[in-house]
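Keep the viewer open as you read.

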Amino acid sequence: KETAILFESRSDKGLDAVICVSAPLNIRIDRAVKRDGCTEKEIKNRIENQISQEEKENLSDYIIVNDEKDLLLPQIIKIHRLFS
């Protein structure tokens, strides 16, 4: 499942594990503006109606940092190996 409101909608129930992809707020906003064609204000309003990124990370079993600095593939492989 992929959803920004996984925990709010209780869609995490029954899952074996949750992987949170995390990025700094400014990057998340910029990506959403480009992807959805919304304004920055609209994206900020959406984010304000969700649980905090910190809480999402605390509720998740694994975290992948997608901050344009850390390499993604090694993080993905590390988690994948846990399930192999």
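## Where H1 meets H2

Let's start at a helix–helix contact. On the H1 side, the residues involved are Leu-25, Arg-28, Ile-29, Ala-32, Val-33, Arg-35 and Asp-36, and they meet Glu-40, Ile-43, Lys-44, Arg-46 and Ile-47 of H2. Sorted by class, this contact has six nonpolar and six charged residues, and no polar ones. Bear in mind that the model is predicted.

Now for the geometry. Two packed helices are described by the angle between their axes and the distance between the axes. H1 covers residues 25-36 and H2 covers residues 40-48; they pack at an angle of about 120°, and their axes are 9 Å apart. Angles of 65 to 115 degrees count as roughly perpendicular and those over 145 as roughly antiparallel, so H1 and H2 end up oblique to each other. The crossing of H1 and H2 is right-handed.

## Ile-43, on the H2 side

Ile-43 sits in helix H2, and with a relative accessibility of 2% it counts as buried. Which residues does Ile-43 touch, not counting those up to four places away in sequence? They are Ile-29, Ala-32, Val-33, Asp-36 and Cys-38.

## The overall layout

Zooming out, the protein has four helices and two strands. Read from the N terminus, the order of elements is β-α-α-α-β-α. Along the principal axes, the C-alpha atoms fill a box of roughly 40 × 30 × 20 Å.

The protein has 84 residues, and 24% of them count as buried. As for contacts with a separation of 6 or more, 55% of those in the protein come from residues 24 or more positions apart.

Ser-22 lies in strand S1. Is Ser-22 buried or exposed? Its relative accessible area is 8%, under the 20% limit, so Ser-22 is buried. Leaving aside neighbours within four places in sequence, Ser-22 is in contact with Gln-53, Glu-57, Ile-63, Ile-64, Val-65, Asn-66 and Asp-67.

Gln-75 belongs to helix H4, residues 72-83. At 17% relative accessibility, Gln-75 counts as buried. Residues up to four places away in sequence aside, Gln-75 touches Ile-63, Ile-64, Val-65 and Asp-70. There's also a polar feature to pick out here: a polar atom of the Gln-75 side chain lies 2.7 Å from the backbone nitrogen of Val-65.

## Positive phi values

Most residues other than glycine have a negative phi. Two residues here go the other way. Arg-10 has a phi near 65°, which is positive although the residue isn't glycine. Arg-10 is in the segment before S1, and it is exposed, with a relative accessible area of 55%.

Glu-68 is the other case, with a positive phi near 70° in a residue other than glycine. Its place is the loop between strand S2 (62-65) and H4. With 63% relative accessibility, Glu-68 counts as exposed.

Ser-11 is found in the segment before strand S1, which spans 19-22. What does the side chain of Ser-11 make a polar contact with? The partner is the side chain of Ser-9, at 2.8 Å. Beyond the neighbours within four places in sequence, Ser-11 is in contact with Lys-1 and Leu-6. Ser-11 and Lys-34 are 23 residues apart in sequence, and 27 Å separates their C-alpha atoms.

Asn-49 is in the loop between H2 and helix H3 (53-59). At 67% relative accessibility, Asn-49 counts as exposed. How many residues separate Asn-49 and Glu-2 in sequence? They are 47 residues apart, and their C-alpha atoms are 17 Å apart in space.

Conventions: Residues are numbered from 1 along each chain as its sequence is written. This is a predicted model: local features need pLDDT of at least 70, side-chain atom pairs count only at pLDDT 80 or more; totals for chains, interfaces and linings use all residues. Side-chain values use heavy atoms; hydrogens and water are left out. Contact means heavy atoms within 4.5 Å. A polar contact is a pair of N or O atoms within 3.5 Å; within protein, one must be able to donate a hydrogen and the other to accept it, and residues adjacent in sequence count only if both atoms are side-chain atoms. Axes are lines fitted to C-alpha atoms, for helices over the stretch in contact, and angles run from 0 to 180 degrees between N-to-C directions. Angles under 35 degrees count as roughly parallel, over 145 as roughly antiparallel, 65 to 115 as roughly perpendicular and the rest as oblique. A crossing is left-handed if the near helix is turned anticlockwise from the far one by less than a right angle, and right-handed if clockwise. Ala, Val, Leu, Ile, Met, Phe, Trp, Tyr, Cys and Pro count as nonpolar, Asp, Glu, Lys and Arg as charged, and the others, Gly among them, as polar. Buried means under 20% relative accessible area, exposed over 50%, partly exposed in between (1.4 Å probe, protein chains only).
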